[in-house]
Amino acid sequence: VIIARTDALQPHGWDEVERRARAYRAAGADLIFVDGIRTRGDLDTYARRLGDLPLVYNGDLLPIAELAKLPFKLTIHIGTLLAAYRSMRDTMRELRRDGRIGTGTHDGIFEEFVRTMGVPEYQAREQKYKE
């Protein structure tokens with residue numbers, strides 16, 4: 001998947017963004033990503049001017065349910081990364097401070113992780129092709 005990104009919004013405005021986005025699509029880009037969307041007005045303009053293209057939105061101006069009403073094919077939500085970072089940071093601080101990660105933090109999470117990653121399916125496939 002080729003995601004074509006333009007950073008033209010702040011220095012050049014919407015006309016240049018639109019020109020570039022349409023050129024990227026014509027050149028074969030699968031998705032178009034306009035960087036610099038800072039306000040709800042920016043988001044609405046993005047959707048209105050380029051909504052006929054396969055768009056990427058990177059931000060958290062609206063809840064997912066409201067974003068789903070706009071013509072974005074892919075949303076990158078920084079909040080997920082920040083939540084994961086906070087958890088990892090706090091865990092690593094605990095490990096440095098205490099020399100271990102506290103008890104009770106593993107309550108079934110390893111098994112859930114293994115299932116989520118599809119390990120049982122991969123193991124079954126491995127067995128099938130081993131024989």
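1. Among contacts in the chain between residues at least 6 apart in sequence, what percentage join residues at least 24 apart? The share is 44%, where contact means heavy atoms within 4.5 Å.

2. The model is predicted: local features need pLDDT of at least 70, side-chain atom pairs count only at pLDDT 80 or more, and totals for chains, interfaces and linings use all residues. Residues are numbered from 1 along each chain as its sequence is written, and side-chain values use heavy atoms, with hydrogens and water left out.

3. The chain holds 7 helices and 4 strands, in the order β-α-α-β-α-β-α-β-α-α-α from the N terminus. Helices (H or I, at least four residues) and strands (E, at least two) are DSSP runs, numbered from the N terminus.

4. The C-alpha trace spans about 55 × 50 × 25 Å along its principal axes. Buried residues, those under 20% relative accessible area (1.4 Å probe, protein chains only), make up 26% of the 131 residues.

5. Helix α2 (residues 14–26) packs against helix α3 (residues 40–50) at an angle of about 45°, and their axes lie 11 Å apart. Axes are lines fitted to C-alpha atoms, for helices over the stretch in contact, and angles run from 0 to 180 degrees between N-to-C directions. The two helices are therefore oblique to each other; angles under 35 degrees count as roughly parallel, over 145 as roughly antiparallel, 65 to 115 as roughly perpendicular and the rest as oblique.

6. On the α2 side, the contact is made by Trp 14, Asp 15, Val 17, Glu 18, Ala 21 and Arg 22. Helix α3 contributes Asp 42, Thr 45, Tyr 46, Arg 49 and Leu 50.

Definitions and conventions. Buried < 20%, exposed > 50% of the residue type's maximum accessible area, 1.4 Å probe, protein only.
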